[in-house]
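Subject: the model we talked about

Hi,

Here is the structure I promised to pass on. Have a look at it first, and then read my notes below.

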Amino acid sequence: MSDLSTSIKKLYFDFPVFNASGILGATESEIKKVLESEAGAVVIKSVTLEKRPGNTGVRFYWDDIGSINSMGLPNQGIDYYCNLADKLTKYNKPVILSIAGFKEDDYKKIIAKADKVPFSAIEVNLSCPNIEGKGIFAYDYKTMFRLLKDLRKKSKKVLGVKLPPYTQREQIKGIAENFVKIGIDFITTMNTFPLSTYIDYQKETMRIKPNMGIGGLGGKAVKQIALAQVLLFKEYSNGKLPIIAVGGISSAADVYEFILIGATAVQIGTALLKNDTKIFVQIKKDLSTLLKEKKVKRLSDKIGNLKYL
Ligand code: RRO
């Protein structure tokens, strides 16, 4: 059987496919369910300082081409997850804590707590599209770089950043170069596409309730955008920023495409929600078959191995 393992700094993935933040990572039982599955790691739902119920009303919808959500950061609050951290070490899989805040100080307080317990890494979510009245930090470069410099100084953890989609090469170039300088260990790209909507023409209503029915688009509809984000971050960081890819991945072929274009690991969001953890079993089986057919001994040899035409 081919070797499917990859690694980012101290993070070792025996199978580099796991959940995206927000899907099955919000409670102890969900986190354990991912760790007990074939997934190679778990990402805990973005946590805030205090517990939050999230937005009210219908806040998620999906169909064959994608999904839309305006969850509004429902989570149990940082202390709940810190209290779990010890118990999760027995699975011997990376446990990545996603953190979120409404102001810079929130991130600093959360990271101070998270640094004291045995999480394997922290994914700083600067790209939540669904908090009304709050901009997306990752589109405010000055604030983002200032905050990340500070977090980098304060934290000894493997430190990653979850980014939204960007539409211009210059944006990605500037971010990639600055992240390398700051010492960011990995990026996760991309979060859901903000300012998207679905409507129900029969009922003549929006599909979700919060924020005028507008939320973040995920699933197959965003895969082609996510692929290009991975390529450009890889290129503009000169390969110095390891990338965890997310966006429309649902099959072994998708995983292989993202590995070829430069990802070191991938996360599954919408497709995990639709299929539950059996999707990890299927992808692992199909990826092993694919690598065997292609006579690839080690998946990691294929990272960024795509040819331009
Ligand atoms: O909870 C959410 O509404 C949410 C978050 Br924090 C995020 O990062 N991405 C998303 O699509 N939804």
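Let me start with a pair of helices. Ala 252, Val 255 and Tyr 256 in helix 8 meet Ile 283, Asp 286, Leu 287 and Leu 290 in helix 10. By "meet" I mean that the C-beta atoms, placed from the backbone, lie within 7 Å. Helices here are DSSP runs of H or I with at least four residues, strands are runs of E with at least two, and both are numbered from the N terminus. Helix 8 covers residues 252-261 and helix 10 covers residues 278-293; they pack at an angle of about 65 degrees, with their axes 8 Å apart. Axes are lines fitted to C-alpha atoms (for helices, over the stretch in contact), and angles run from 0 to 180 degrees between N-to-C directions. The crossing of these two helices is right-handed, which is the label used if the near helix is turned clockwise from the far one by less than a right angle, with left-handed for anticlockwise.

Two housekeeping points. Residues are numbered from 1 along each chain as its sequence is written. This is a predicted model, and local features need pLDDT of at least 70, side-chain atom pairs count only at pLDDT 80 or more, while totals for chains, interfaces and linings use all residues.

As for the record, an unreviewed UniProt entry annotates residues 4-291 as "domain: Dihydroorotate dehydrogenase catalytic". Positions from UniProt are in the numbering used here, feature names are shortened, and annotations may be inferred rather than shown by experiment. In the model, that span is 37% helix and 22% strand, and its end C-alpha atoms lie 9 Å apart.

Pairing here takes at least two DSSP bridges between two strands.

Is it covered or open?

Strand 8 (residues 121-125) runs parallel to strand 9, joined by five bridges, and Ala 121 sits opposite Val 158. The chain gets from strand 8 to strand 9 through helix 4 (residues 141-154), in a right-handed β-α-β crossover. Right-handed, for a crossover, means that with the strands pointing away from the viewer, the path from the first strand over the helix to the second runs clockwise.

Strand 9 also pairs with strand 10 (residues 186-189), again in the parallel sense, over four bridges. Here Lys 162 stands opposite Thr 188. Together with helix 5 (residues 169-182), strands 9 and 10 make a right-handed β-α-β unit.

Strand 10 is joined to strand 15 (residues 243-246) by three bridges, running parallel, and Ile 187 has Ile 243 as its bridge partner. Gln 224 is in helix 7 and counts as exposed because it has 10 C-beta neighbours inside 10 Å.

There is also an open sheet of four strands, in the order 5-6-14-11, with antiparallel pairing. Strand 14 (residues 214-218) pairs with strand 6 (residues 67-69) over three bridges in the antiparallel sense, where Ile 68 stands opposite Leu 217. Strand 14 is mostly covered, with four of its five residues buried.

Cheers

Notes
Two residues are in contact if their C-beta atoms, placed from the backbone, lie within 7 Å. A residue is buried if 20 or more other C-beta atoms lie within 10 Å of its own, exposed if 12 or fewer, and partly exposed in between; C-beta atoms are placed from the backbone.
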